[in-house]
Amino acid sequence: MLKDVNLHVKEGEKMVIVGPSGSGKSTTVRCMNYLEVPTSGKVIIDGEEMTVRNHTKLVRRTTSMVFQQFNLYPHLDVMHNLTLAPVKLHGVSVKEAEETARHYLEVVGLSDKAHVYPTTLSGGQQQRIAIARALCAKTKIILFDEPTSALDPETIQEVLDVMVKLAEESNITMVIVTHEMGFARQVADRIVFMEDGMIIEEGTPDHFFNHTENERVKKFLGKILRH
Amino acid sequence: MMGEWEASFGMLQSSAIWLYILKGTLFTVIISAIAVILGVVFGSILALVRNYCHSPKYRIFRWAAITYIEVFRNTPLLLWIFICVVFCPVPDLFAHRMFGLTTVETTLLFKACIALILFTSSVIAEIVRGGLNSVPAGQFEAAASQGFNTVQTMVYIILPQAYRNVVPTLLSQIITTIKDSSYLANVATIELMSRVRQILSTANIYNGTGNINVSDVFVLYGCAAAIYFIINFALSLIVRRINAQRKKAASTYRIVKA
């Protein structure tokens, strides 16, 4: 699926991965937290190589993920969705975890939803809760796997707004797979273009949108940016 | 002729007979409850092993679980009751007088209960597995992405959802188990059906006519039927109510586009 992908993400960097469907963007980010197990090659986080043995603990300590389908826990209310991992995995006290959760609910603008169940919320709201859940783990890295692709058009913006705010105000390393080019241009430190499992172009947004020499990227941008 | 019927119904005026039958009913309910509770425990373990032990190291356990489930699900309960009565060892803890029963009765009760538990476990295993399979793959991914290990994922995230999905089916299984427990009468244990049969076999003493009449069969089995019906119908009304509440709760959820 992936061929010769060599990526180095710096601490605090906001990296956006774009490309056509089936190009391996999602697989790339899913390898970063071992949801896909690489058949060859290495994933190294904080100088530590991810292996079959250590991946659970390494992932727990270093990365969080926001999914296309939100994947909130439907049997728990919002507050418990946010505090489950901190309390059970990170040894945080319930009180402290709830304080943190309230803080991040405020960040995503859903303070009033602490005690409702996720299925009663709109897609956009669920995704903002999912972002808050990722933040509650206080990991250095958050992976976003097409966070707006499953949303109604009118709720996409509220999720993007939260992500822009995060990108601008926090030092979290963000790796984002998205089709939202405007958003990519706005937040990315670096844009990576993938096709057929390979990285065929990478650079700053300015380079990527205005100065690329790569014909394939030009064609892709031509199709996407025309309207 | 009318005399026989009067004599049969006359038996029901004896409080000793009623007490005997009601104690049998109590045993039926307790045995079934134990079978279902332990069935959920063992059934869940079987279901988890059958569903998730795919790695070559543990594959043997998976095959063992599959064999167990399929063997017990596809053979009659009565067979296992007979087998257990002959072969099942009884720990000393149970092999003495208790609850006003003789040693022989507690021993038989224990053996027959084991058979019922073994059988019920295999049925509940498949129910729980249905619940597990209805949990979307995304839940496993979300758990893995947060760093939950396999056991934690099951305990905190997957099993609660699986059980929630199968609550109505599990409740119906209690009804089935209460009915199944009547098979225990075949090895003369002390639950409702066997007690009714015991009274019937000595009805000539109780009804005062000196004979066991067809009317005795009718009255006593009618009694058993009525008691089973009252318990199970009450339970099924509860199940229905729970289902209705769940449906109502589900319809107030906003349907989210996938």
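A: Start with one residue and its neighbours; bear in mind that this is a predicted model. Leaving aside residues up to four places away in sequence, Tyr73(A) touches Asn81(A), Leu84(A), Pro118(A) and Arg133(A), along with Gln139(B), Ala142(B), Ala143(B), Gln146(B), Phe148(B) and Ile157(B).

Q: Which residues touch the most other members of the largest nonpolar core?

A: They are Ile17(A), Tyr73(A) and Phe148(B), in a core of 64 residues. Helix H5 of chain B, residues 103-133, supplies the largest share of this core with 14 residues. Another core lies apart from it and has 48 residues, including Leu72(A), Ile156(A), Ala167(A) and Ile176(A).

Q: How do I read the size of an interface?

A: The size is often given as the accessible area lost when the parts come together. Here about 2,300 Å² is buried between chain A and chain B, and carbon and sulfur atoms give 55% of that area. Chain A brings 30 residues to the contact and chain B brings 22 residues.

Q: How many salt bridges does the rule find across the interface of chain A and chain B?

A: The rule finds 1 salt bridge there. Arg30(A) forms a salt bridge with Glu141(B), with 2.9 Å between the closest N and O atoms.

Q: Which residues make the nonpolar surface patch of about 680 Å²?

A: The patch is made by Leu26(B), Ile30(B), Ile34(B), Ile37(B), Leu38(B), Val41(B), Phe42(B) and Ile45(B). Of these, take Leu38(B), which sits in helix H2 of chain B, residues 15-52.

Q: Why does Leu38(B) count as partly exposed?

A: Leu38(B) counts as partly exposed because its relative accessibility is 30%, and the partly exposed class runs between the buried limit of under 20% and the exposed limit of over 50%.

Notes: Residues numbered from 1 in each chain as written. Chains lettered and ligands numbered in written order. Predicted model: local features only at pLDDT ≥ 70, side-chain atom pairs only at ≥ 80, totals over all residues. Heavy atoms only, no water. Patch = residues over 30% accessible without salt bridge, like charges linked within 9 Å, V, L, I, M, F, W, Y side chains within 5 Å. Areas by Shrake-Rupley, 256 points an atom, 1.4 Å probe, with all protein chains shown as cover. Salt bridge = Lys/Arg side-chain N within 4 Å of Asp/Glu carboxyl O. Helix = DSSP H or I, 4+ residues; strand = E, 2+ residues; numbered from the N terminus. Buried < 20%, exposed > 50% of the residue type's maximum accessible area, 1.4 Å probe, protein only. Core = buried A, V, L, I, M, F, W, Y, C linked by side-chain atoms within 4.5 Å. Contact = heavy atoms within 4.5 Å. Buried area = accessible area lost by both parts, 1.4 Å probe.
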